[in-house]
Structure formats: structure tokens, C-alpha cells
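Me: I would like to understand the terms used for this protein. Please set each one against its definition.

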Amino acid sequence: MTTRPKPTLNLRSLILIFVLLSAVATLVNSFWVMFKIQKQELIEGALDVNKNYAARIARSVEQVLDADLDKLKYGAAGIGKAFGDKSALTREAKRLFEQDASFNSVLVAGADGTIIASAPENLQLNGRTLQHKEPLTLRTPKISNAFRSLSGNLVVFISQPTFSTGGEYLGLIGGTIRLEQSNTLQSLMDTNVRKDGAHFYLVDAARQVLYHSDPAQIGSVRGTDLIASASLREASGTLQAKDEHDVEMLAGFARVPSSGWGVISQQPLENIQAVLRRTMTKVAQGIAPLALFGIVLIWWLGARISAPLSRLADCAKRLDMPDSYARISAVPARYFESWQIRRALLLGATLLQEKIGKLNHQAHTDALTGLANRRAMQDVLALWQETGKAFAVVSVDIDHFKRVNDTFGHGVGDQTLRAIAELMQQNSRANDLPCRVGGEEFVLLLPGSSLHTAADVAERLRASIEAASIETVGHITVSLGVAVWCPNGESISAVLERADQLLYQAKQSGRNCVVVEHSSD
């Protein structure tokens, strides 16, 4: 009967492998948690920086636009008193144009949208009609979205309504900010330059780009840009999303209240990941020497812990040797578990040597079959009980053996018993103990066997006997009962009795079968 293969790993290797796996798992988990936390902190920090950056630029843009509206408001109040004087309107338009770099052009239009006066004169706007009549209809201060002017330039138009001293609506005065030309707004934006792929841009309510660090982007429309949409929908906030080039961005945004424009400050997520990779690489380089020292220390401790147990395991293989007691005593017990194992082995070696001596001086075999007799069986059971070795009992009885004796005589009956004994030995393992305990009654003891294993052995024995052809008699069968004894359980005699009862159940069930006790699991 085959046994389980010998393990290839020893305790030292197991300790080293277990501790190393634990250390690696802990290290990997720590790295992962550190990575996740650091990444989240870097992302949140970048989002906050971008949000604050966008908010600052939005405030600056708001201040510029408010200042422009105030200048136009002042001019509107002045020309409202002399709206019929074209030269006065021209002078006011020229004054606003030359006052500073706020406007790239200034014009005065009547209530019907006809341009009455403008500056500079080279644009030749007088007499032409405004493209967008919305400011005339609303009759309120207005900051437009970007559009192509009469001169073909991409501009934003800022206007103030003009009223007479009697409150009659006369028209408007407005200034254009050319997006591709130098002006106060453009200068403001140019002072806020970012690096390493981080940048900001300005969009109007129609998602047209008013300013961008890449001039080629000015005038483009961000129709599907989630970040641009968020900047126009909310007063301020942050968002991690892909831009128009499908690049993952960390963005902060803020809205310019007076115009409804959105300012977006963003940087690629890859920037954060590159910083994170550099940080984690430095952490790994710092931990490596300590990790190497830890591995060496673990190996040394594993060797120290396992050395006594390894020596005790070697002694356990030689318990039957005369010097086993001295060899076990020489093993140092540095901790409680090794002391307990050494004590148990010393007790086992003592008992084993005593029992071996007794068994060698006793007639411990059955004269007819050569199997262990009842006395030998009782001695072995007592030894196993003292050492706490669990075992299984297979009780065997030949079916209708009386007929064999009555039909063929006792000589053939003895021959049959010897044949059964030989089959039991053939179906037993090296450590199993087949016994003859009565006339046609046999017992097979299986040390350390589970109920399932014992049942398999019993079934193979039953089938082997049934298949065998015995001279003169031919084929016979046996009935078997299987029970298991465990330390700290019921008495051995109770287990033997239960095995006999199971055998009788097999007889009552029609013979030639195995009856196994119910498992307590």
C-alpha cells in the first residue's frame, strides 16, 4: 500500500519562506498604500493649485473688464449731452482709443446701429452698421462673445448704452479688444506663463478660445471639452478629465462674472505620475539596504529557531536505536516547544525500548497463521495509547467458516485461515498490524489512519479475498467492521467492541461487505 511522499521542505526553509513572503507582502502593501496616498495628495494639490490659479486670473480679467466698462460709462455720459455733435463724438472716441491700450478700436453708434464716429480713422467704420444688434436691443452694458469684426479681425466688443439728459435712448459707445493684437487684456494674460505642459486658457460663453498660450488655438471652439463646459456652468471648481487632445488633465476653473467667460488652468496627469515615479524610486532605493539586512537577519533567526527541531526530527527517525535516549538528551531546548518535543521523544524512546524488549521475549505470533496474536495486539494498543497515537481498527470474520470445517475437515480449514492471513499481509502497509484474535476472527490495526483510509483498506481486503481462489475450498468471502480510536476519546476496548458490532451489522446485511462507523466530522 502506497504512503504519502516525503516532504521536501524543512522547517528552516518554511520559516524563511513564510517570513520573506510576509515581509514582501507587507512591503508591497506599504508601497501600494503609500503610492495611492501620495498620488491622491499630489492630484488634490495640483487641482487646488490650478483652481486658485484660475480664480486669480479670473479676478484680474474681471478687474480689467470692469475698468473698461467704467471708461465707456464715463464716455457715454459725456456724449449723451452732445450726441448731435459729430466732432465731439469723434473726439471722445479718439480719447478713449488713445487713453491706454485697453481698446484696439472705439466707436459710437446710433440707436439704429449706424456707426457715427470711430477711432482709429484708418479702419473707415463711419457709416457702416453694427454686425450684432443685441447691445442695441438690451440697452444695457454688454461684453460680447468673440466674433469677426467688420475689418475681419477676431474681436470682443464691450459697450455701454448712451442716453440723453432726458433719458431718451440714443445708441451706444463701445470698444473692441482684438484677440490677436496687443492690448491690456492680452498683456495681463501673457504675464501668467506656466511650464512643463501646464497652461491656462480663456473661453467665452460660446466656448470660443479667447486666449491660449498657443496662439493657433485662439478662435477655436471647445464644443466637447468637459473642462470648458464646467468652467461656464459653475462659478469655480476642479475636474480631472481628458482635454480636446484626449490627454488626461488636472484642471481648475473659475468664471468671470461680468462676461460669463471661463478661465481654465490645467496640467497633464502625467506630470504628477512622473513626480510620483521619481519619489517612489527614491523610497525604494532608501529601503533596499534595510530590506537586505532584514533578509539576512531572518535567515539567521530561522536557522537558530529550527536547529533544535531539525535535530529532534533526526532523532525521531532513530527511536528504535539503543542510543536514541542519549542522542535526544544532547539536543538543547532553547524554547518551550522544543523542550516539550524533546520530553515527548524521550518518553517515547523509553517506552519503545521497554516494549521492544518485552515483545522480543514474548511469543507474540499466532502459531498457525504467523500473524500477531491477541497478546501482541494488546501490547501494541497499550503502547499506542501511552504515546497518543491514533489508529483504525478493521474487524474481519470469515463468512460461513463452519461449513468449510464441516465439509472439508479442519485441515482444509487451517489451510483457509493461512490463506486469509497471507492476503491480509499482502494488503497491509509496513506499519499496519494484522492479528488473529480467535478461530476465524482477525483484526487489522492501522496506525495514524483516518476513517476514510481505513475504509479503503478494508474494501481492498474484502475484494482481494473474494477474488482469491483457495485450494480445495474455492472462493470464500469475509465481513468487515471499521472504527477509529483517537487520543483523549473513548477507551480502546470500546472501539474494539464497536468494530465487532459493525462486523455483525455486515453479517446481518448479507455478508461480504464492509460497514464503517459514522464520522463525527
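This is a predicted model: local features need pLDDT of at least 70, side-chain atom pairs count only at pLDDT 80 or more; totals for chains, interfaces and linings use all residues.

Me: What makes strand 12 and strand 15 a pair, and which way do they run?

Reply: Two strands pair if DSSP finds at least two bridges between them. Eight bridges join strand 12 (residues 391–398) to strand 15. Eight meets that rule, so the two count as paired. They run antiparallel. Residues are numbered from 1 along each chain as its sequence is written, and side-chain values use heavy atoms, with hydrogens and water left out.

Me: How do you know where a strand or helix sits?

Reply: Strands (E, at least two residues) and helices (H or I, at least four) are DSSP runs, numbered from the N terminus. Strand 15 covers residues 478–485. Ser479 has its place in strand 15.

Me: Why is strand 15 called largely enclosed?

Reply: Buried means under 20% relative accessible area; exposed means over 50%, and partly exposed lies in between (1.4 Å probe, protein chains only). Eight of the eight residues of strand 15 are buried, so the rest of the structure largely encloses it. Val478, Leu480, Val482 and Val484 point one way, while Ser479, Gly481, Ala483 and Trp485 point the other way, and all are buried. In a regular strand, side chains alternate between the two faces of the sheet.

Me: Is Ser479 buried or exposed?

Reply: Ser479 has a relative accessible area of 0%. That is under 20%, so Ser479 is buried.

Me: What does Ser479 touch?

Reply: Contact means heavy atoms within 4.5 Å. Not counting residues up to four places away in sequence, Ser479 touches several residues, including Ser395, Asp397, Leu503 and Asn512.

Me: What makes the approach of Ser479 and Asn512 polar?

Reply: A polar contact is a pair of N or O atoms within 3.5 Å; within protein, one must be able to donate a hydrogen and the other to accept it, and residues adjacent in sequence count only if both atoms are side-chain atoms. The backbone nitrogen of Asn512 lies 3.4 Å from a polar atom of the Ser479 side chain.

Me: Which strand runs parallel to strand 15?

Reply: Strand 16 (residues 514–516) does, through three bridges. Leu480 has Val514 as its bridge partner there. The chain crosses from strand 15 through helix 13 (residues 492–508) to strand 16, and this β-α-β crossover is left-handed. A crossover is right-handed if, with the strands pointing away from the viewer, the path from the first strand over the helix to the second runs clockwise.

Me: What is the strand order of the sheet with mixed pairing?

Reply: This open sheet of five strands has the order 13-14-12-15-16. Strand 13 (433–436) and strand 16 are the edge strands, each pairing on one side only. Neighbouring strands are turned by 20 degrees against each other on average, direction ignored. Axes are lines fitted to C-alpha atoms, for helices over the stretch in contact, and angles run from 0 to 180 degrees between N-to-C directions. Helix 13 lies across strand 12, strand 15 and strand 16, at about 150 degrees to strand 15.
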